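Please examine the sequence and the structure shown here, and keep both in view while reading.

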Amino acid sequence: MKLYYAPGTCALGIHIILEEIGKPYELEAVDFRSRAQYEAEFLAVNQKSKVPVLQRDDGSILTEYQAIATWLALTNPQTNLLPTDIEKHVRALELIDYCVASLHMQAFVRYWRPENMAPSESDHPAVKARGKDMFLKGLKIIDATLAGKDWVVGDFSIADPTLFFISWWGVERMKTELPPNVAAHYTRMLARPSVQAALKQQGF
Ligand SMILES: N[C@@H](CCC(=O)N[C@@H](CS)C(=O)NCC(=O)O)C(=O)O
């Protein structure tokens, strides 16, 4: 298996899941600074120009964070990364979808890449501010669901590395304070060997 990633992107969540599973995998960095995601070599792998991308052992390519995380969990049932309990299972997917579709693609992209949202430079400060508001509102909603729990659905699951990359962006990219339950989750995640290994391999 091979994970295509760029350091500090949402691929960090998939990287942590691979570390949690503990089976051998390769890493291939895509150099976003030189816009390699738009070059022919990477387009041949993923014409969407996005990471994460997982190349599986049969050579096939899987894209989209939620699909990759779910596939990794379902093909490694011994790791219990996606609960079989239906309520916990859907709650894990609910959190992942909220993180990826809303906090990442709507909120964080406004903050980090305002030029992708508004062509006029004069609009960028307002777009960034709106993105930060949306991001912080989302973290507050997640914070309430974490009350009294160590992990998103009780047991550790693929939802936790997903919340982690969002929190990491909050801390490292936005330099914002996390609400208390999310902050405690972030600290618990930082203590896991999988998280430490992935951050180190990505150069952080
Ligand atoms: N819908 C995709 C989004 C992935 C995505 O937006 N990845 C970002 C990094 S966090 C990316 O590759 N951006 C490169 C670009 O837009 O040029 C998923 O869920 O995997």
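The paragraphs below treat a sheet and then a helix.

The model is predicted, so local features need pLDDT of at least 70 and side-chain atom pairs count only at pLDDT 80 or more, while totals for chains, interfaces and linings use all residues. Residues are numbered from 1 along each chain as its sequence is written, and side-chain values use heavy atoms, with hydrogens and water left out.

Four strands form an open sheet of mixed pairing, in the order β2-β1-β3-β4. Strands (E, at least two residues) and helices (H or I, at least four) are DSSP runs, numbered from the N terminus. At the edges of the sheet stand β2 (26-29) and β4 (61-63), each of which pairs on one side only; two strands pair if DSSP finds at least two bridges between them. Strand β3 (residues 53-55) and β4 run antiparallel and are joined by three bridges, with V53 opposite T63 in β4. Across β3 and β4 lies α3, running at about 120° to β4; such angles run from 0 to 180 degrees between N-to-C directions, with axes fitted to C-alpha atoms, for helices over the stretch in contact (heavy atoms within 4.5 Å).
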